[in-house]
Amino acid sequence: MRLLGVFEKNSGELLILQNKNLFSIENTHDVEEKFANYTMLKNRDKHIGSKAVKGNGVFNFRYGPVTGGVGDAGVFNIYTYGERILSVDIDPGYKKRNIEASIKNSALHQAVNWSENVCSNFAFSHSCAFLRAVEDAGDFMPDEITQRIRIVGVELERIYNHLNVISRLSKGASQNVLTSHLEWLFEEALRANKLFSNSRFLKHINGLFIDKDNFKNLDELVLRIKNIKEKFQELYEHSLSSWNFIDRLYETAVLDQKKALKIGVTGPTLRAAGCREDLRVYEKFYDNFKIITKDKGDVLARMQVRADETVSSCDIVIDQIDKIKKIQQNNSKIAVSAISGSGIGYCESPSGLVVYFVNIEKGIVSDVYISTPSVFGFKAFADSFVGYIFTDFSFSFDSFGINFADCVKVGVLL
Amino acid sequence: MKSWALYGITKKLTEPFKKLKENGKKIDKIFSKSLNIYPIDVGNNGDLNFEMAALATPQYNIHRFGIFLQIHQDTQMFCSFWENVPKG
């Protein structure tokens, strides 16, 4: 059982819990004893990480919110005596998002757009999770074409995100030729997204019913994905023979399985620590899906999982498009104004599990809670970075594929 | 496969610059030297960060025009941007 979120309702506290692919909302006693990440989730808007460390010569190296190396607005309070990192406390409050408040009292089509704007590089995963929560609330299933197109969208998102993470790791290790070629592939992947959905970040295509006729360039998309796969495999294989590169990643920012489960982290980070958990395995239209895992839990393992998943996602996209072309679609549109009730939906995003809890009254969202992978990822980064040196910052941070836009719920300071 | 150094120079990834049909205004008087842009995130949803990263990819290679996006280094010029507002 994993705790994914804590929220207040009717002056009481409710918890979002996960057991494999089953999610529930419960009011449990002795929460702090049962779930080690309860306090972290409760204070996720104020700080994530460990407490400040005091001692002779120890100082706070404050990194961010506007500084080189940190693209998003957020602060890393890094406690060190000048060499090893003793503790990391992350302040996500500099970035104001307030998406949940914006979703409340919105019509469903507006709420989908808001969900896409939580974090653009996980836009499709967020909209998928939101729509699945709506479907759970309305107790209906979308048609096969809609579900398969969603799989294509999620996997395209995974491809460009993984390429971006691996290119950043390569950049951090000054592998300039490899970085340039990976960045080239990253841009090619974004162009493939545009070809597929008319949006480089796969926005404004997801819905309760997705019309197959809106996708005219599927053959061209397959060719491009095949090209990306072929080039990436060539580069990745070559990169593994570069000891300069591998040396920087090997045994850096190790997060073992026990720690990862305690934090509640999901996605490639958890799989790189040896845990066979990927909720795509429970989805009906993922055919012969295989979970990719590694054992070490270090930056290298996280990169290897992402690299293998990139290739696997290319295969899934090609396979799904082939099936989409063969299936006839029934025009089974749903009256959204009739939807009322509460539901939970999830999606296995490139960096972990995105989960939405929604309450809907006659097609209007009255309540929402969003659990995002970056919240857990920041805690995983803070814990795994302890004991290493500041030079490892970029590898450690980039390997989790997280960002403040996905993490921040409200924003405290602004 | 060739060594990285040889591999790097055997592939030309940068796309040729397409000139606009319209006559653009010269910016020599405003920016006489290279343009360094230091983005400050004021709450965007991340796509602008990604698009800026994409501008530095070999396809565009905006460094060749003297434009530098200082995402990973400290510089002194600033610009800010706003988050996308979803279409209603």
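Strand β7 of chain A, residues 85-91, is mostly covered, since six of its seven residues are buried (under 20% relative accessible area, with exposed meaning over 50% and partly exposed in between, for a 1.4 Å probe and protein chains only). The model is a predicted one, in which local features need pLDDT of at least 70 and side-chain atom pairs count only at pLDDT 80 or more, while totals for chains, interfaces and linings use all residues. Residues are numbered from 1 along each chain as its sequence is written, chains are lettered from A and ligands numbered from 1 in the order in which they are written, and side-chain values use heavy atoms, with hydrogens and water left out.

**Strand pairing around β7(A)**

- Helices (H or I, at least four residues) and strands (E, at least two) are DSSP runs numbered from the N terminus, and two strands pair if DSSP finds at least two bridges between them.
- Strand β6 of chain A, residues 75-80, pairs with β7(A) in the antiparallel sense over six bridges, and F76(A) has I90(A) as its bridge partner in β7(A).
- In the hairpin that β6(A) and β7(A) form, four residues lie between the strands, and G82(A) takes a positive phi near 120°.
- Strand β4 of chain A, residues 48-49, runs antiparallel to β7(A) and is joined to it by two bridges, with I48(A) standing opposite I90(A).

**The second largest pocket**

- A pocket is an open set of points on a 1 Å grid over the protein atoms alone, with protein on both sides within 12 Å along at least five of seven lines, whereas a cavity is a set where a 1.4 Å probe fits but cannot get out; lining residues have an atom within 4 Å of a point.
- The second largest pocket holds about 580 Å³ of space, and of the 20 residues that line it, the closest to its centre are R132(A), E135(A), M141(A), Q147(A) and Y346(A).
- Two or more lining residues of this pocket come from each of β3 (22-26), α5 (123-138), α6 (144-172) and β8 (341-349) of chain A.

**Cavities**

- The count comes to two cavities of 30 Å³ or more.
- About 70 Å³ of space lies in the largest cavity, whose lining includes R44(A), R97(A), E100(A) and K409(A).
- The second largest cavity has about 30 Å³ of space, and its lining residues include R132(A), R150(A), R280(A), E283(A) and E348(A).

Conventions: Points joined across faces, edges and corners; volume = space filled by probe spheres on them.
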